Amino acid sequence: MGIRFLKRHSILAGAALLILAVAVTMLVNGGNRGPEPAPFLDPVPSSSQGAVSASSAGAASSSSAPSSQAEASAPPSSQPAAQAVQTTAEEEMRAVWVPYMSLDMSKDEDRGEEKFREKFSAIARGAKEYGMNALVVHVRPFGDALYRSQYAPWSHIVSGTQGVDPGYDPLEIMVEIAHSEGLELHAWMNPLRIQINGTPSILAENNPWNLWKDDPEKEGWAVESGSGKYYNPAYPQVRSLIADCAAEIAANYDVDGIQFDDYFYPTQDEGFDKAAYEAYRDSALESGVPLSLQEWRIANINALVAQVYQQVKAANPQVQFGIAPQGNLQNDWNMGADVASWCKAKGFVDYICPQLYVNFENEALPFGPAAQAWKNLVKDPDIELYFGLAVYKAGSDADGGTWKNASDILARQVSLGRTVECDGFMFYSWDYLTAEQTQEEVANVMKVLNQE
């Protein structure tokens with residue numbers, strides 16, 4: 001009885017923030033309890049493995065037709081570069097994602113500050129040579145930190161073992177090097193993931209998973225689901241921890257931005273947060289009609305995003321906060337990511353960068369209508385819209401081999417993005433900019449990027 005009371009009290013403690021998140025969601029969606037996902041963006045299975053996986057492409061197994069509105073307003077997929085809106089490099093975001101795999105220093109022979117500086121200097125110089133003006137660097141891949149943190153253990157990526165101090169501060173070095181090359185640096189964080197498929201193999205003693213697992217007052221704050229361990233955003237204390245980690249970066253490092261990736265709720269299984277939802281539902285029944293499980297999860301994520309935004313701005317108003325959701329709106333909704341509200345109301349994000357990892361031939365989510373749909377979704381003029389493009393698919397057999405049908409797919413996507421007047425592009429990922437497989441595509445997209 002005592003434990004149940006404590007758990008229920010924990011949920012009630014966050015009620016005010018949840019009510020605010022629900023109210024904002026209802027307000028920006030015309031009084032509805034939640035926005036309906038765009039009908040033409042069918043769900044595809046999402047994956048919680050890796051930094052950005054092929055599932056983020058939004059290539060559905062279904063082949064539903066695009067909505068007539070989005071299709072009618074979208075520019076032709078064959079839009080020539082000459083007709084695109086010309087944007088100078090100074091105005092246009094041109095970022096490349098640098099995932100944790102590209103920063104791996106876990107082997108004995110790779111460790112040490114000097115070698116890390118060499119590795120990251122090569123990335124920064126190379127990105128600049130490819131016309132980039134920003135790096136989006138993975139600094140929190142597993143609820144850990146590639147920086148000195150009072151909230152999270154050191155990442156195994158830089159020391160070989162989670163919780164072991166590498167003897168230097170990677171983020172401090174990355175900011176220094178990026179800015180010396182004239183590049184912005186955005187710190188990329190995975191909000192909920194702690195471990196996936198045994199990575200990292202060891203969780204540090206001060207990892208919240210280990211600190212919470214035997215504490216009855218914190219039962220359910222972190223949960224196992226499938227092959228992974230995750231933070232549970234149902235609890236205000238958990239949301240505060242995640243927000244504190246973001247604010248810590250904004251306060252202590254001269255970063256230009258902080259970015260969440262596309263991984264929110266890792267499953268639609270009601271068992272993920274069953275106890276927390278039942279505690280909420282029981283309390284809500286006393287005063288009204290409770291939200292459904294999905295609506296409640298949406299409210300939890302909205303509360304998290306709003307709190308992160310607020311704390312980042314309090315720490316440093318100049319730091320931008322952005323999110324890179326999946327390009328498929330139904331997938332986002334299923335994961336609790338209410339992207340429509342984030343794009344309509346102030347107080348959630350400064351920029352949104354959907355991962356449009358599809359080409360013009362994708363049957364379920366062709367690039368042209370998807371790009372226009374996202375442009376239509378951004379209602380607040382102060383929110384920047386970037387398109388995430390799949391360099392990693394160029395020249396590959398992905399999506400039924402359709403990426404082999406042309407070598408100017410990315411170039412045409414940049415041209416179309418300029419036509420619909422997005423604010424720039426982010427490319428996944430650094431390693432693929434330099435890969436042999438992608439060189440023809442990359443050369444062609446560089447020509448378009450350099451057109452002014």
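1. F142 is buried, at a relative accessible area of 0%. Keep in mind that this is a predicted model.

2. Aromatic pairs number 23 here. One of them joins W97 and Y428: the ring centres are 6.3 Å apart and the planes meet at 55°, so the pair is tilted. W97 belongs to strand β1 (residues 93–98) and Y428 to strand β11 (residues 424–428), so the pair ties together parts 331 residues apart in sequence. Both W97 and Y428 are buried.

3. F142 pairs with Y100. Their ring centres lie 5.2 Å apart with planes at 70°, so this pair is edge-to-face. It links distant parts of the chain, 42 residues apart: Y100 is in the loop between β1 and α4 (113–129), while F142 is in the loop between β2 (134–140) and α5 (156–159). Y100 is buried too, with a relative accessible area of 12%.

4. W97 and Y428 also belong to an aromatic cluster, together with Y357, Y392 and Y432.

5. Two charged side chains sit over rings. The charged end of K229 is over the ring of W209, 5.2 Å from its centre. The charged end of R297 is over the ring of Y265, 5.0 Å from its centre.

6. Helix α10 (residues 293–315) has 23 residues. From first C-alpha to last it reaches 33 Å, close to the 33 Å expected at 1.5 Å a residue. Of its 23 residues, 17 are buried, so α10 is largely enclosed by the rest of the structure.

7. N331 lies in helix α11 (residues 329–334). N331 is buried, with a relative accessible area of 2%. Its side chain makes a polar contact of 2.7 Å with the side chain of Q326.

Methods:
Residues numbered from 1 in each chain as written. Predicted model: local features only at pLDDT ≥ 70, side-chain atom pairs only at ≥ 80, totals over all residues. Heavy atoms only, no water. Helix = DSSP H or I, 4+ residues; strand = E, 2+ residues; numbered from the N terminus. Expected span 1.5 Å × (residues − 1). Buried < 20%, exposed > 50% of the residue type's maximum accessible area, 1.4 Å probe, protein only. Polar contact = N/O pair within 3.5 Å; in protein donor to acceptor, adjacent residues only side chain to side chain. Phe/Tyr/Trp six-rings, centres within 6.5 Å; stacked < 30°, edge-to-face > 60°. Lys NZ or Arg CZ within 6 Å of the ring centre and 35° of its normal.
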